[in-house]
Amino acid sequence: MSEQTLQQKLDSVDNVVDFLRNQQVGPNVYPGVPAEYSNWRNEQRAWSESAVLFNQSYHMVELYVTGPDAFAMLNYLGINSFKNFTVNKAKQWVPVTPDGYVIGDVILFYLDEETFSLVGRAPAIEWAEYHASTGKWNVKVERDERTALRTDGKRKNYRFQLQGPNAMKVLEKAMGQTPPDIKFFNMAHIDIAGKDVIALRHGMAGQPGYELFGPWEDYATVHGALVEAGKEFGLTLVGGRAYSSNTLESGWLPSPLPATFTGDDEISKGFREWASANSYAGKCSIGGSYVPESIEGYYLTPWDIGYGIIVKFDHDFIGREALEKMADQKHKQKVTLALDPEDVNRVMSSMFAKGDRAKYFEFPSAVYAMHPFDEVKCDGKVIGVSTWIGYSSNEGAMLSIGMIDPDFAEFGKEVTLVWGEPNGGTTKPTVEPHVQTEIKAIVSPVPYSAVARNAYADSWRQTGKGANA
């Protein structure tokens, strides 16, 4: 019997929204590292005060795309410009559907002539795999699956993030010489403990740093050298709990729902008929108080998530016509929502009473589905959604990344976040019986971290003005 396709799985459910909201999976897991090396509070503070080493070797998918048409295919699938994109550069790569809605985003590495690597969450990678499978492009793809879905415990590459104000000092000591001057999102080969390491100038937690990667067999040597070099500079290893919260300060939205569940065009239907029922879209979950009438209510445009700055109409790409029509329309604005401490305390204190309780706030990330969506209101009217939510020890605040009507996006304005799911909650195992409650929040800049707003060059983060920057 042939494997069920994504389309067949969707055809078998009465309501796609209800299906995804009741999926029996919680948020993404971060395998391979402990939840905490010390404690998540100190681990959070370290990326602001000294330096941290994130271990990304286990939880992300990597797809190698090679061949004469690799550049052309990736260019055709992304909203980004490939002008001046050459070997030893990288970029945030964002594909959209023919209707212009975001599928996901990953980091695209230009490793060598006709050799690229996509690293990140699965939706964008599966979109690239599908197009490679159509036979329209002279390319080959090789998928290196994340650890949670493999049995051998090995990957093609290790991948570390060295971040924080002391990151350069740590790298310099590990190399035994001054690191090369690498421009933002450019790469260079460096030597650590006799091993060839590719360094990408990057930033993840609102601080300067590097992504370092190389062959899996060099993992222990390179990791050990970095840890040893970092001892005098306060280098801190970061576990899974703190890792998932770093985006609250830097402003990156990790969870746009892939807009591949609908679409009557040939490309969208072709993808759903190609994709397995066990693909990302067939297994992901949605949580929160926002429940639209149809799945399209969760779809996001590049402008909604702050990527309007990288939409370039200098090349032909899937979704271009739709985005050209959207370009001058009104878009949601990405903001940080700083939750009112007294209201947060009220929600948390309900745990210490019998009877009705609010939805539990996990620390530091209060995310209980792969795609969280909570209503944001002003004067009783829904004006947008809250997504990634959690606590920042550096800011001493419970924060959320939100997307709201720009008419209400004045910094300092008070809005309301609806916390908890309707009707006592869904059947997800991460959701306990609870009652909805409203939490006051202050509309604030994104990124919330002043360092992140001011340190990134030529980036959607730089201005701190959100989607309409």
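This is a predicted model: local features need pLDDT of at least 70, side-chain atom pairs count only at pLDDT 80 or more; totals for chains, interfaces and linings use all residues.

Trainee: In what order do the five strands of the open sheet lie?

Mentor: Strands of a sheet pair through backbone hydrogen bonds, either parallel or antiparallel. Helices (H or I, at least four residues) and strands (E, at least two) are DSSP runs numbered from the N terminus, and two strands count as paired if DSSP finds at least two bridges between them. Here the order is β3-β4-β5-β2-β6, with antiparallel pairing. Because β3 (89–93) and β6 stand at the edges with a single partner strand each, one side of each is left without a neighbour in the sheet. Neighbouring strands are turned by 20° against each other on average, direction ignored; axes are lines fitted to C-alpha atoms, for helices over the stretch in contact, and angles run from 0 to 180 degrees between N-to-C directions.

Trainee: Which residue of β6 is the bridge partner of V65?

Mentor: The partner is V141, and strand β2 (residues 61–66) as a whole pairs with β6 in the antiparallel sense over five bridges. Helix α5 packs on this sheet, where it touches β2, β3, β4 (106–112), β5 (115–120) and β6, and its direction makes about 30° with that of β2; contact here means heavy atoms within 4.5 Å.

Trainee: How many bridges join strand β18 to β19?

Mentor: Six bridges join β18 (residues 414–419) to β19, and the two run antiparallel, with T416 opposite K440 in β19. Strand β19 (residues 437–444) also pairs with strand β13 (residues 333–339), in the antiparallel sense and over four bridges, and there L337 has V443 as its bridge partner.

Trainee: Which residues have the most contacts inside the largest nonpolar core?

Mentor: A nonpolar core is a set of buried Ala, Val, Leu, Ile, Met, Phe, Trp, Tyr and Cys residues joined through side-chain atoms within 4.5 Å, where buried means under 20% relative accessible area, exposed over 50%, and partly exposed in between (1.4 Å probe, protein chains only). The largest core has 99 residues, and those with the most contacts inside it are W93, L118, F261, I295, L339 and F361. Its largest share, seven residues, comes from α5. Leaving aside neighbours within four places in sequence, W93 is in contact with residues including L74, L77, F82, L108, L118, A124 and A128. Apart from this core lies another, of 28 residues, among them M175, A188, W216 and L235.

Trainee: How many salt bridges does the structure hold?

Mentor: A salt bridge is a side-chain nitrogen of Lys or Arg within 4 Å of a carboxyl oxygen of Asp or Glu, and the structure holds 22 of them. One joins E126 and R143 at 3.6 Å, N to O. Since E126 lies in helix α5 (residues 122–133) and R143 in strand β6 (residues 140–144), the pair ties together parts that are 17 residues apart in sequence. E126 is buried at 8% relative accessible area, whereas R143 is partly exposed at 29%.

Trainee: Where do R346 and D343 lie?

Mentor: Both lie in helix α13 (residues 341–349), three residues apart, about one turn of the helix, and their closest N and O atoms are 3.6 Å apart in a salt bridge. R346 is partly exposed at 37%, while D343 is buried at 11%. Elsewhere, E36, R41, R241 and E362 are linked in a network of salt bridges.

Trainee: Is S245 buried or exposed?

Mentor: S245 is buried, with a relative accessible area of 1%, and its place is in the loop between α8 (240–243) and α9 (247–250). A polar contact (a pair of N or O atoms within 3.5 Å; within protein, one must be able to donate a hydrogen and the other to accept it, and residues adjacent in sequence count only if both atoms are side-chain atoms) joins the side chains of S245 and Q44 at 2.8 Å.

Trainee: What separates the C-alpha atoms of A338 and L399?

Mentor: They are separated by 4.8 Å, although the two residues are 61 residues apart along the chain. A338 has its place in strand β13 and is buried at 12%.

Conventions. Residues are numbered from 1 along each chain as its sequence is written. Side-chain values use heavy atoms; hydrogens and water are left out.
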